[in-house]
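Q: Can you take me through the charged pairs in this one? Keep it short.

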Amino acid sequence: MKRLGIVGARGFAGGELLKLAARHGGFEVVYAASRALAGEPFSALAPELGEGGVIANPDPEGAAAAGLDAVVLAMPNGQAKAYADAFDKSSPDTVILDFSADFRGAPSWVYGLPELDREPLKAAKRIANPGCYATSVVLALAPLVPLLAGTPSAFGISGWSGAGTTPSPRNDEARLKDNVMPYALVGHGHETEIRTALGATVNFTPHVAGYFRGLVSTVHAPLTEALTHEDLAARFRAVY
């Protein structure tokens, strides 16, 4: 049984992970941090956890001192470094899984997309979780990279849960009702992430729609040769 901690446990991703961990059978959630629910029992986050623990106020040193086998950082971008530094200092053997974009592409962190690079993850202590849009586009294109004859274009639509819990136009249900709008026209961080993961240039435009969760990406890729549906299916089966 592994001792698991989750920082940012009240957010959409942290809450989902708590439910998965509670019914997994191999994890015991012993540390959960949430600024909004600090002092409440674990059951305030997920009834499956029971009353066994008290939610902590987020604190890097406190998390690093909790004796964890693994910790998940489910926080907005820009907040993970203080936790990584604290664990590096006092608990270097604790596995850190960071949900944010802060360490994607960092030299000492493994990019955690198991469909493409499973072996390094087995012994990794520092794992950067892939972004949502990036996962859909990378998996759609990876089998085709050797055949690219030009720059692919990807059009992604996500539910508004991807915008997090902090109020913004991107998670405003009234604004999104019967609507689809660009998440970012240029410079979205997932575009750089996609290019790094694939080793190829990709043009990417993300959008957000008026539903809560789920994501679809449509990719157009010019190829060096014509392929039948059967050829494509065989190529994808060989890679995955």
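A: K81 and D85 form a salt bridge, with 2.7 Å between the closest N and O atoms. This is a predicted model.

Q: Where do K81 and D85 lie?
A: Both are in helix α3 (residues 81–90), four residues apart, which is about one turn of the helix.

Q: Is K81 buried or exposed? And D85, buried or partly exposed?
A: K81 is exposed, at 52% relative accessible area. D85 counts as partly exposed because its relative accessibility is 38%, between the 20% and 50% cut-offs.

Q: How many salt bridges does the structure hold?
A: Six. Another one joins the side chains of E119 and K122, at 2.8 Å from N to O. E119 and K122 are three residues apart in helix α4 (residues 114–122), so about one helical turn separates them.

Q: Are E119 and K122 buried or exposed?
A: E119 is exposed, as is K122.

Q: OK, switching to R104. Which residue forms a salt bridge with R104?
A: E193, with the closest N and O atoms 3.1 Å apart. That pair links distant parts of the chain, 89 residues apart: E193 is in helix α7 (residues 189–198) and R104 in the loop between β4 and β5.

Q: Why does R104 count as buried?
A: Because its relative accessibility is 18%, and the cut-off for buried is under 20%. E193 is buried too, at 7% relative accessible area.

Q: What else does the R104 side chain reach?
A: The backbone oxygen of F99, at 3.0 Å. Leaving out residues up to four places away in sequence, R104 touches several others, among them Y111, N129, P130 and H190.

Note on methods: Residues are numbered from 1 along each chain as its sequence is written. This is a predicted model: local features need pLDDT of at least 70, side-chain atom pairs count only at pLDDT 80 or more; totals for chains, interfaces and linings use all residues. Side-chain values use heavy atoms; hydrogens and water are left out. Buried means under 20% relative accessible area, exposed over 50%, partly exposed in between (1.4 Å probe, protein chains only). A polar contact is a pair of N or O atoms within 3.5 Å; within protein, one must be able to donate a hydrogen and the other to accept it, and residues adjacent in sequence count only if both atoms are side-chain atoms. Contact means heavy atoms within 4.5 Å. A salt bridge is a side-chain nitrogen of Lys or Arg within 4 Å of a carboxyl oxygen of Asp or Glu. Helices (H or I, at least four residues) and strands (E, at least two) are DSSP runs, numbered from the N terminus.
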